[in-house]
Each structure stands twice: as structure tokens, then as C-alpha cells.
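Hi there,

Here is the structure I promised to pass on to you. Have a look at it first, and then read on for my notes about its salt bridges.

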Amino acid sequence: MGRYIDDILQPGEKVLYSSNLHWVVYWKGILGWIVAAVLFVGSGVNPALTLAGLVAAGVIAVVAFYFTVVAWFRRWTTETDVTTLRVVHKEGFITRRTFEISIDKVASVSVDQSIPGRILNYGNVIIENMGDDEQKIELIASPLAFRSHITAR
């Protein structure tokens, strides 16, 4: 399965920059795996709680696995690209949500980063086109570089 952008490029159009969701989308899965590991190790400390600790660790590990797979699939099926002619964003696999904005029609590009976002280099990008319509791309990796590729002409 190829990338969405490769299927929709126009003749003479080139990809200038590609980005993806930041790895921080895995935070629920990571937290779940940590809690499961703590419960697993802690179940060996108190013999009276061993069975309960192992069961709780197993249940939380299953939930953590679910969150990890969901985040991986979301990250795998999301593409964000800047080409010489437009900005293209695609989410989803079977049900697909896309938007394309011509570079000439982009009125402004805003970046919203929290403190953890600044430290880990992720954030939200809001692209406003000439028709006062705006599109938000959440949890994108390197949002300032993405914005620079849109605004630098």
C-alpha cells in the first residue's frame, strides 16, 4: 500500500515536506504498560495480593495493548504533506477524511504548542484559507518546520 500523496500528485508537483503524528499519541499505551509493570512487580512483594496483582496487571496490559495498537494505527493512517501546489492532510483507512488547501489560498498558519509540546517538538497547526475556513492538524511532529514550508515561498 502506497502513500496517499503519491496517488494524488499532479504532473510537475513535488512534495516539499512530509510530517506525521508525533510519537506522543502513544501516551495512554505507555502509561498503561508502566502501570501493568508496576503491578506485576508489586504482586511478588506481598504474597496475599499475588493473584489479585497478577490479574490486575494482566487486565491493564490488555488495555495498554489496545491503546498502543489504536495509536499505531492512527499514526500509520495519517499523512500530512506540503507540495509545491498545496497542503494535503489525510486521516483514516477505510473511512477517510482529507483536506487540501492550495498554497496560494492559505491566509495564515498558526502553531499552538504547550510546554510539553515545546520540549518534545509537537503541537497543533491551524491553517486558515482565504474563505475564512480553517483546518486544524493535531499532534503533528515538528509544527514550526511544517509551518515554515507552507509560508516560505
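A quick definition before the notes: a residue is called buried when its relative accessible area is under 20%, exposed when it is over 50%, and partly exposed in between, using a 1.4 Å probe and protein chains only. By that scale Arg 97 is partly exposed, at 37% relative accessibility.

Please keep in mind that this is a predicted model, where local features need pLDDT of at least 70, side-chain atom pairs count only at pLDDT 80 or more, and totals for chains, interfaces and linings use all residues. Residues are numbered from 1 along each chain as its sequence is written, and side-chain values use heavy atoms, with hydrogens and water left out.

Now to the findings. There are five salt bridges in the structure, each a side-chain nitrogen of Lys or Arg within 4 Å of a carboxyl oxygen of Asp or Glu.

One of them joins Asp 81 to Arg 3, with 2.6 Å between the closest N and O atoms. This pair connects distant parts of the chain, 78 residues apart: Asp 81 lies in strand β2 (residues 79–83) and Arg 3 in the segment before α1 (4–8). Helices (H or I, at least four residues) and strands (E, at least two) are DSSP runs, numbered from the N terminus. Asp 81 is buried, at 1%, while Arg 3 is partly exposed, at 32%.

Arg 97, mentioned above, pairs with Glu 91 at 3.8 Å, N to O, and Glu 91 is partly exposed at 29%.

Finally, Glu 13, Arg 86 and Glu 100 form a linked network of salt bridges.

Best wishes
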